[in-house]
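Work through the exercises below with the structure open beside you. Try each task before reading its solution.

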Amino acid sequence: MSSMVFFAATEGSSSVVDNIAREFGLNFPLIIAQAVIFLIVVLALRKFAFAPVLGILEERQKTIAEGLENAKRQKEALESAESQKKDILYSANVMANKMVEEARTASARIRETESQKAISQAEETLRKAREAAEAERRQMVDNARKEIGGLVVQTVSQVTGKVLTEDDKSRLVAETVNHVG
Amino acid sequence: MKISRQSKRAAKERFNACMDNGALSEARVRETVSELLDKKPKGYYPTLAHLVRLVRLETLRKTVTVTTAESIDDATKQTLSERLNNRYGAGLIYVYQTDPALIAGMRVQIGSDVFDGTVKGRLNRLKEIF
């Protein structure tokens, strides 16, 4: 039953198809030939046109990927350089601060040392000046004493001979005689 | 001139022979020197030279130089000689001098010993103190 219906439908449909084909001017062998040719063209294009183009595209894509990779690496290198720059700047800053601090300490120490040295020199100079003044004063006193002594002795020498009596002279001689014995 | 030990010893022996009671006898010295010059024994010249040196030293040691501003009387001289004989022994030779610059007092020098009782000496010591 169903096959009868199918044949009836088939017969009916083939006639429809034939009608449509005739109506639209379809030629199945020509369509098949065109399909074959189309297939051949597609295969040829695929082999001789698409493959190089795809290769070029793939190469370009690779190049782009490498470029991106390089850009990424450069960006990372830049970031690393920035980081290093910051580290170096930080280290330089720390070092500079340390050097400044050391310079301040050394300066303070040198200033203190020089101050002490200057104080010592001043004290030494003062002490020497005092000693020189004292020595000069002593020298002056000695000179004055000697001069006064010399004058006293000279005066006494000039006066004594006139002042001493004969008894005094005899007594002086007797003193020496007694001293000898 | 180099004088040998032997000559020194010979001169010392002759010098000791010239001593009389601890005092040097001028007569014996003259006699010894004359004998040396007459006999001229071997090495007599160095002996004589050393003897002269010993006599000179002894003379200096026994010479008393008394210096005063004015001359002193005999009694004072006698007293002084007695005292010096007691202290230094006999045989002293006295040399008396006067020096008005001493002003007053007496200065006695025996060898290296000096007793200065002059006014000038006292003033000099006073000046030294100044």
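**Exercise 1. List the residues that B:Val66 touches, leaving out those up to four places away in sequence.**

Step 1. Apply the contact rule: heavy atoms within 4.5 Å.
Step 2. Read off the partners of B:Val66, which are B:Ile72, B:Leu80, B:Val95, B:Tyr96, B:Gln97, B:Met106, B:Arg107 and B:Val108.

The model is predicted: local features need pLDDT of at least 70 and side-chain atom pairs pLDDT 80 or more, while totals for chains, interfaces and linings use all residues. Residues are numbered from 1 along each chain as its sequence is written, chains are lettered from A and ligands numbered from 1 in the order in which they are written, and side-chain values use heavy atoms, with hydrogens and water left out.

**Exercise 2. Find the largest nonpolar core and the elements that give two or more residues to it.**

Step 1. A nonpolar core is a set of buried Ala, Val, Leu, Ile, Met, Phe, Trp, Tyr and Cys residues joined through side-chain atoms within 4.5 Å. Buried means under 20% relative accessible area, exposed over 50%, and partly exposed in between (1.4 Å probe, protein chains only).
Step 2. The largest core has 13 residues, and B:Val64, B:Val66, B:Leu80, B:Leu84, B:Met106 and B:Val108 have the most contacts inside it.
Step 3. Chain A contributes helix H3 (166-180), and chain B contributes strand S3 (63-68), helix H4 (74-88) and strand S5 (106-110). Helices (H or I, at least four residues) and strands (E, at least two) are DSSP runs, numbered from the N terminus.
Step 4. Another core, of nine residues, lies apart from the largest one; B:Cys18, B:Val29, B:Leu48 and B:Leu54 are among its members.
Step 5. In soluble globular proteins, nonpolar side chains tend to be buried together.

**Exercise 3. Describe the interface of chain A and chain B.**

Step 1. Count the residues: 21 of chain A are in contact with 21 of chain B.
Step 2. Take the buried area, that is, the accessible area (1.4 Å probe) that two parts lose on being put together, summed over both. The two chains bury about 1,900 Å² between them, with 73% of it on carbon and sulfur atoms.
Step 3. A:Val153, A:Val177 and A:Val180 supply 30% of the area that chain A buries against chain B, more than any other three residues.
Step 4. Look for salt bridges (a side-chain nitrogen of Lys or Arg within 4 Å of a carboxyl oxygen of Asp or Glu). The rule finds two across this interface. B:Glu70 forms a salt bridge with A:Lys169, with the closest N and O atoms 3.2 Å apart.
Step 5. On the side of chain A that touches chain B, helices H2 (28-163) and H3 each give two or more residues. H3(A) gives the largest share, ten residues.

**Exercise 4. Which salt bridges link residues about one helical turn apart, and how exposed are their partners?**

Step 1. A:Glu101 and A:Arg104 form a salt bridge at 3.9 Å; they are three residues apart in helix H2 of chain A. A:Glu101 is partly exposed at 45%, and A:Arg104 is exposed at 56%.
Step 2. A:Glu175 and A:Arg171 form a salt bridge at 3.0 Å; they are four residues apart in helix H3 of chain A. A:Glu175 is partly exposed at 33%, as is A:Arg171 at 43%.
Step 3. B:Glu58 and B:Arg61 meet in a salt bridge at 3.0 Å; they are three residues apart in helix H3 (residues 44-62) of chain B. B:Glu58 is buried at 7%.
Step 4. Salt bridges that share partners join A:Asp168, A:Arg171, A:Glu175 and B:Arg122 into one network.
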